[in-house]
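Please examine the fold, the packing and one selected side chain of the chain shown below.

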Amino acid sequence: MAYTLAQLRPGDYESDFTAQLDALYQEISSRPGFSYDPGSDAAYQSYALQYARQGRAAMADTLGQTAHLTGGYGSSYAQSAAQQSYQRSMDGLTDRAAALYDRARENYDREGEQERSRYNLLKQRESSSRSAYDRELSAWEAENQRLWQRYDSLRQQD
């Protein structure tokens, strides 16, 4: 079976990656901004309970020590010292919350980088596929040109 040169021409380029690229681009572009809510973070809730428990224990210990020093009588000093003990424990929770925020932000940023990396990898594969098609089309065009020149040369010799 003989083929004409026109029949051997590569068809129009069709990307295998367009749908994937579009979907991934949509996912990246519609990604919500970063937010952190300690109230919904199980780790924060666990630390909050732990630090509150430690704070109450420190407060009770301070009240007990000051009551011992005053012969069992309560005082405004005892209350103030106990409150300060509690606050020192709760300051640890503030530091822990900052670390949890930082970790959540790093995770958010890393996920975004992974999405962009996947997109770039697909884009590279698309580019490689397109380049292969362009080389195939260029080879066909060069062969077409070579055959036209040969035809023209033979026609002129006739």
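This is a predicted model: local features need pLDDT of at least 70, side-chain atom pairs count only at pLDDT 80 or more; totals for chains, interfaces and linings use all residues.

Residues are numbered from 1 along each chain as its sequence is written, and side-chain values use heavy atoms, with hydrogens and water left out.

The chain holds 4 helices and 0 strands, and its elements follow the order α-α-α-α from the N terminus. Helices (H or I, at least four residues) and strands (E, at least two) are taken as DSSP runs, numbered from the N terminus. The C-alpha trace spans about 130 × 20 × 20 Å along its principal axes. The radius of gyration of the chain is 37 Å, whereas a compact globule of 158 residues would have a value near 15 Å; the radius is taken over C-alpha atoms, and the globule rule is 2.2 Å times the number of residues to the power 0.38.

Of the 158 residues, 21% count as buried, where buried means under 20% relative accessible area, exposed over 50%, and partly exposed in between (1.4 Å probe, protein chains only). The chain exposes about 11,800 Å², and carbon and sulfur atoms supply 49% of this area; accessible areas come from the Shrake-Rupley method with a 1.4 Å probe, and for residues only the protein chains shown count as cover. With contact defined as heavy atoms within 4.5 Å, 84% of the contacts between residues at least 6 apart in sequence join residues at least 24 apart.

Which residues make up the largest nonpolar core? This core has 11 residues in all: Phe-34, Tyr-36, Tyr-44, Ala-48, Tyr-51, Ala-52, Met-90, Leu-93, Ala-97, Leu-100 and Tyr-108. At least two residues of this core come from each of α3 (42-69) and α4 (76-157), and α4 provides the largest share, 5 residues. A nonpolar core is a set of buried Ala, Val, Leu, Ile, Met, Phe, Trp, Tyr and Cys residues joined through side-chain atoms within 4.5 Å. Leaving aside neighbours within four places in sequence, Met-90 is in contact with Tyr-51 and Ala-52.

Helix α4 also contains Arg-118. Arg-118 counts as partly exposed because its relative accessibility is 43%. Beyond its neighbours within four places in sequence, Arg-118 is in contact with Leu-24 and Glu-27. The C-alpha atoms of Arg-118 and Ser-30 are separated by 16 Å, although these residues are 88 residues apart along the chain.
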